[in-house]
Amino acid sequence: MLRGGPLFPPCDDDGLYVKAKTHMFAAVLGDFPSHMILRIQITHRGIFSDRYRCELADAVGLPDGVRDFLERAESIRDVICDRATFDVMDYLLKISPDDRVGLEDILDFSYFDAVD
């Protein structure tokens, strides 16, 4: 996205779609909040290693393109060096909608301060 391409590659809409997206989101955006892990565990079995741990299950069985992406994926924390840019991206890309700030609030971030 910041480099002129999509943040995540497309996935086939098959039985592994949710598992693939979950792995990609975690690789780029970081760990899932506990309330989201619980929702995923309830609705999609096999995404996390077991019901009581918050570790993602192995990427075994995922398509080659997804596994290649996971090997090359960089966390946004490692990619974005400018603090103002990171703050905006970090809040806009929160995995949980409950953790995101509203668009009106985003406009108050220093990233959007006028440049003289």
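The legends below describe close-up views of a predicted model of one protein chain.

**Figure 1. Overall fold of the protein chain.**
The protein chain contains six helices and two strands. Followed along the sequence, these elements come in the pattern α-α-β-β-α-α-α-α. The C-alpha trace spans about 50 × 30 × 25 Å along its principal axes.

**Figure 2. The two domains.**
The domain assignment of the chain gives domain 1, residues 15-73, and domain 2, residues 74-115. Between the C-alpha centres of domain 1 and domain 2 there is a distance of 23 Å. In the contact, domain 1 takes part with 13 residues and domain 2 with nine residues.

**Figure 3. The interface between domain 1 and domain 2.**
The size of an interface is often expressed as the accessible area that is lost when the parts come together. For domain 1 and domain 2, the buried area is about 790 Å². Carbon and sulfur atoms give 63% of this area. Which residues of domain 1 lose the most area to domain 2? They are Val28, Leu29 and Met36, and together they account for 50% of what the domain 1 side buries.

Side chains of opposite charge can pair when their charged atoms come close. In the whole model the count is four salt bridges. Arg39 is in helix α2 (residues 34-43), while Asp98 is in the loop between α5 (83-92) and α6 (103-106), so this pair ties together parts that are 59 residues apart in sequence. The side chains of Arg39 and Asp98 meet at 3.8 Å, taken from N to O. Across the interface of domain 1 and domain 2, one salt bridge is found.

How many cavities of 30 Å³ or more does the model have? The count comes to one. The largest cavity holds about 30 Å³ of space. Its lining is made up of Val28, Leu29, Gly30, Ser75, Ile76, Arg77 and Asp90. The elements that give two or more residues to this lining are α1 (17-29) and α4 (76-79). Sorted by class, the lining has three nonpolar, two polar and two charged residues.

**Figure 4. The cavity in relation to the domains.**
Domain 1 (15-73) and domain 2 (74-115) each supply at least three residues to the lining of the largest cavity. Val28 and Leu29 belong to that lining. Val28 and Leu29 are also among the residues of domain 1 that lose the most area to domain 2.

Note on methods. Residues are numbered from 1 along each chain as its sequence is written. This is a predicted model: local features need pLDDT of at least 70, side-chain atom pairs count only at pLDDT 80 or more; totals for chains, interfaces and linings use all residues. Side-chain values use heavy atoms; hydrogens and water are left out. On a 1 Å grid over the protein atoms alone, a cavity is a set of points where a 1.4 Å probe fits but cannot get out, and a pocket is an open set with protein on both sides within 12 Å along at least five of seven lines; lining residues have an atom within 4 Å of a point. Grid points are joined across faces, edges and corners, and a volume is the space filled by probe spheres set on the points. Helices (H or I, at least four residues) and strands (E, at least two) are DSSP runs, numbered from the N terminus. Ala, Val, Leu, Ile, Met, Phe, Trp, Tyr, Cys and Pro count as nonpolar, Asp, Glu, Lys and Arg as charged, and the others, Gly among them, as polar. Domain bounds come from an automatic or database domain assignment. Contact means heavy atoms within 4.5 Å. Buried area is the accessible area (1.4 Å probe) that two parts lose on being put together, summed over both.
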